[in-house]
Amino acid sequence: MPRRPRQRSRTDCYHVIVRGLNKLAVFKDKREKTRILNLIRENFKEYNVKIYAYCIMSNHFHLLLQAELKDLSAFMAKVLARYAQYYNYRHKRIGYVFQDRFRSQCVEEESYFWNCVRYIHLNPVKAGVCRDIE
């Protein structure tokens with residue numbers, strides 16, 4: 001069955017979620033979290049992506065960003081492929097690292113934008129990783 005095409009946001013704003021394969025903790029330590037963050041930093045300008053919020057958890061990450069759909073797909077493909085290469089090399093493994101393709105939800109309304117910012121920043125608090133967002 002073919003995949004449904006990704007929905008285009010009229011604001012070009014998206015809440016992106018990427019999950020480790022089988023909920024695998026693919027960002028276990030600070031080094032792995034720093035690597036994915038550096039890949040995002042190294043590539044966002046090349047694809048004209050604006051990042052408003054992010055959160056990197058042990059088995060998934062969230063991004064709230066603005067980009068044209070083609071740039072979003074190219075940006076995510078590059079970042080995820082490079083991280084998968086790094087992760088597989090570091091852990092002496094082969095195969096998929098991420099579950100399916102990244103998910104994206106269109107952010108069309110300002111109220112949803114701010115709710116999304118809160119949700120992303122409070123994600124580690126709700127998971128018990130930290131007490132507050134500071």
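**Briefing: salt bridges, strand pairing and nonpolar cores**

Lys70 and Asp71 form a salt bridge in which the closest N and O atoms are 3.7 Å apart; the term denotes a side-chain nitrogen of Lys or Arg within 4 Å of a carboxyl oxygen of Asp or Glu. The structure is a predicted model, in which local features need pLDDT of at least 70 and side-chain atom pairs count only at pLDDT 80 or more, while totals for chains, interfaces and linings use all residues. Residues are numbered from 1 along each chain as its sequence is written, and side-chain values use heavy atoms, with hydrogens and water left out.

**Salt bridges**

- Side chains of opposite charge can pair when their charged atoms come close.
- A search of the whole structure finds eight salt bridges.
- One of them joins Arg10 to Glu108, with 3.7 Å between the closest N and O atoms. This pair links distant parts of the chain, 98 residues apart: Arg10 lies in the segment before β1, and Glu108 in the loop between β4 and α3 (110-126).
- Arg10 counts as exposed because its relative accessibility is 56%, whereas Glu108, at 24%, counts as partly exposed. Here, buried means under 20% relative accessible area, exposed over 50%, and partly exposed in between (1.4 Å probe, protein chains only).
- Another salt bridge joins Lys78 to Glu46, the closest N and O atoms being 3.0 Å apart. Its partners also come from distant parts of the chain, 32 residues apart: Lys78 belongs to helix α2 (residues 69-90), and Glu46 to the loop between α1 (30-43) and β2 (50-56). Glu46 is exposed, with a relative accessible area of 52%.
- Elsewhere, salt bridges that share partners join Arg10, Glu108 and Glu109 into one network.

**Strands and their pairing**

- Helices (H or I, at least four residues) and strands (E, at least two) are DSSP runs, numbered from the N terminus. Two strands pair if DSSP finds at least two bridges between them.
- Strand β1 (residues 13-19) is mostly covered, with six of its seven residues buried.
- β1 pairs with strand β3 (residues 60-66) in the antiparallel sense over seven bridges; within this pairing, Arg19 has His60 in β3 as its bridge partner.
- β1 also pairs with strand β4 (residues 103-106), in the antiparallel sense over four bridges, and Gln105 in β4 is the bridge partner of His15.
- β2 and β3 are antiparallel as well, with six bridges between them. They form a hairpin with three residues between the two strands, and Ile51 stands opposite Leu65 in β3.

**Nonpolar cores**

- A nonpolar core is a set of buried Ala, Val, Leu, Ile, Met, Phe, Trp, Tyr and Cys residues joined through side-chain atoms within 4.5 Å.
- The largest such core has 29 residues, of which Val16, Phe61, Leu65, Phe75, Met76 and Tyr83 touch the most other members. β1, α1, β3 and α2 each supply at least two residues of this core, and α2 gives the most, with nine.
- Leaving aside neighbours within four places in sequence, Tyr83 is in contact (heavy atoms within 4.5 Å) with Val26, Phe27, Glu32, Arg35, Ile36, Leu39 and Phe98.
- A second, separate core has ten residues, including Cys13, Val107, Cys116 and Val117.
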